[in-house]
Amino acid sequence: MTKNSEYILEIINNSNTHLTAEQIFLRLKKKNKTVVKATVYNNLSSLYQKGLIRKISVEGYPDRYDRTVRHEHLVCRKCGKLSDIVLEDLTDLLQKQVNISMHSYDLKINYICDECLKQENEDKNRALPPKLLSKKNPHYNEEQKG
Ligand SMILES: [Zn+2]
Ligand SMILES: [Zn+2]
């Protein structure tokens, strides 16, 4: 393994978020000032092929890279945020249903994250005419006084 490859693996394994190639590049640059982006992409694809890292693809977002320690992902359908979730190992359950020798599986559970839910509710409230605003809203009383 090259030094760059080792660094990249270290960056991914020590990160508690899901880094994009761009973010990995910026971190790698702190260790190796002369590194170019193509090196990062090449190393990521070879690490991925060797099964040393995971790649998470979500439509509309750049690929993100992750440790291989078994865990699954929650994906927000609105903002693309990824969160880790540990579920029981489904390998045997899935293996029974397929006629091939399974290597691994990737499970993504789609949902709407708390922030996006909150945002959706705020947008809904804003769309209501003023008289329907809750009395808890300070603007309600002000408007009534006038
Ligand atoms: Zn979200
Ligand atoms: Zn993850």
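Among the contacts in the protein with a separation of 6 or more, 47% join residues 24 or more positions apart; two residues are in contact if their C-beta atoms, placed from the backbone, lie within 7 Å. Welcome to a predicted model, in which local features need pLDDT of at least 70, side-chain atom pairs count only at pLDDT 80 or more, and totals for chains, interfaces and linings use all residues. Residues are numbered from 1 along each chain as its sequence is written, while chains are lettered from A and ligands numbered from 1 in the order in which they are written.

**Overall layout**

- The protein has 6 helices and 6 strands, which are DSSP runs numbered from the N terminus (helices: H or I, at least four residues; strands: E, at least two).
- Of the 146 residues in the protein, 12% are buried. A residue counts as buried if 20 or more other C-beta atoms lie within 10 Å of its own, as exposed if 12 or fewer do, and as partly exposed in between, with C-beta atoms placed from the backbone.

- Helix α1 covers residues 3–13, and Y7, I8, I11 and I12 are buried in it.
- These residues lie on the same side of α1, because they cover an arc of only 130° around the axis; the arc is that of the directions from the helix axis to the C-beta atoms.
- An α-helix has 3.6 residues a turn, so residues three or four places apart point the same way.
- The buried residues of α1 pack against β1 (19–20), α2 (21–31), α3 (37–49) and β3.
- The largest nonpolar core holds 13 residues, and those touching the most other members are I8, I11, I12, I24, L28, V40 and Y65. Such a core is a set of buried Ala, Val, Leu, Ile, Met, Phe, Trp, Tyr and Cys residues joined through C-beta atoms within 7 Å.
- Two or more residues of this core come from each of α1, α2 and α3, and α1 gives the most, with 4 residues.
- Beyond its neighbours within four places in sequence, L28 is in contact with N4, Y7, I8, I11, V35 and V40.

**How α2 meets α3**

- The axes of α2 and α3 are 10 Å apart and the helices pack at an angle of about 115°. Axes are lines fitted to C-alpha atoms, for helices over the stretch in contact, and angles run from 0 to 180 degrees between N-to-C directions.
- On the α2 side, A21, I24, F25 and L28 meet K37, V40, Y41 and L44 of α3.

**The two sheets**

- One open sheet has 3 strands in the order β1-β3-β2, with antiparallel pairing. Two strands pair if DSSP finds at least two bridges between them.
- β1 and β2 are at the edges with a single partner strand each, so one side of each has no neighbour in the sheet.
- Strands β2 and β3 run antiparallel and are joined by 3 bridges; I56 has R64 in β3 as its bridge partner.
- Another open sheet of 3 strands has the order β5-β4-β6, with mixed pairing. Its edge strands, β5 (82–85) and β6 (108–111), each pair on one side only, and the twist averages 30° from one strand to the next.
- β4 (residues 72–76) and β5 run antiparallel, joined by 4 bridges, and V75 has L82 in β5 as its bridge partner.

**A loop residue**

- E59 sits in the loop between β2 (54–56) and β3 (64–66).
- E59 is exposed, because it has 6 other C-beta atoms within 10 Å.
- E59 and G80 are 21 residues apart along the chain, and their C-alpha atoms are separated by 8.6 Å.
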